[in-house]
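Visitor: Could you walk me through this model, please?
Guide: Gladly, let's look together.

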Amino acid sequence: DALSSLVVLLVEDNAVCNTVMTRLLQSLGIGTVLSCMDAEEAWVKLCAFPGTVHWVLTDLNLSGPMDGLQLAAKIRTEGPSRQPLQAAPLVHDRGSIQAAPLGRVPMITVLSGNSGEDTQYSCTQAGVDSFLCKPVSRERLLETLAGLLPELTVPSAAVC
């Protein structure tokens, strides 16, 4: 299953939402979910494992000095290639994930309870690939993942 080799970085500062999203991602069959409570911790993990994260899901309104949009912009401007690229390709070695080539940055999805046009425009300007309005359903998560990583065979919500 292609989803089992995905590495997702979840950045959510609300402990309950973090737990719920982590379990939702795991229920989809995603192999590795790295969970962070703030953007600084997320940045440290991204730098510690360059090229291994395929998808970043970040809350828009994170507490702390860096919010979700600032994290997205930092990934796009200070990532390995210093320019936005497509998602890191999946590279398998007997089922385990390996680092993708340097220069690849993950796809980024922002999660927010505010779905206004201004918010979505700000996300686009920050280099965000997609936007999901909270609460996030299993169906919307699968649709978003299929749109971001079309090379994967993502099951339909009805099949899961």
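**Strands and helices**

Guide: To start, D59 stands opposite L111 in β6. This is a predicted model, where local features need pLDDT of at least 70, side-chain atom pairs count only at pLDDT 80 or more, and totals for chains, interfaces and linings use all residues. Residues are numbered from 1 along each chain as its sequence is written, and side-chain values use heavy atoms, leaving out hydrogens and water.

Visitor: How many bridges join β3 to β6?
Guide: Strands are DSSP runs of E with at least two residues, and helices are runs of H or I with at least four, numbered from the N terminus. Two strands pair if DSSP finds at least two bridges between them. Strands β3 (residues 55-59) and β6 (residues 107-112) run parallel, and the bridges joining them number five.

Visitor: Which strands stand at the edges of the sheet?
Guide: The open sheet has five strands in the order β2-β1-β3-β6-β7, with parallel pairing. Each edge strand has a single partner, so one side of it is left without a neighbour in the sheet; these strands are β2 (32-36) and β7 (130-133).

Visitor: Are α2 and α3 roughly parallel or roughly antiparallel?
Guide: Axes are lines fitted to C-alpha atoms, for helices over the stretch in contact (heavy atoms within 4.5 Å), and angles run from 0 to 180 degrees between N-to-C directions. Helix α2 (residues 39-48) and helix α3 (residues 68-78) pack at about 25°. Angles under 35 degrees count as roughly parallel, over 145 as roughly antiparallel, 65 to 115 as roughly perpendicular and the rest as oblique. The two helices are therefore roughly parallel.
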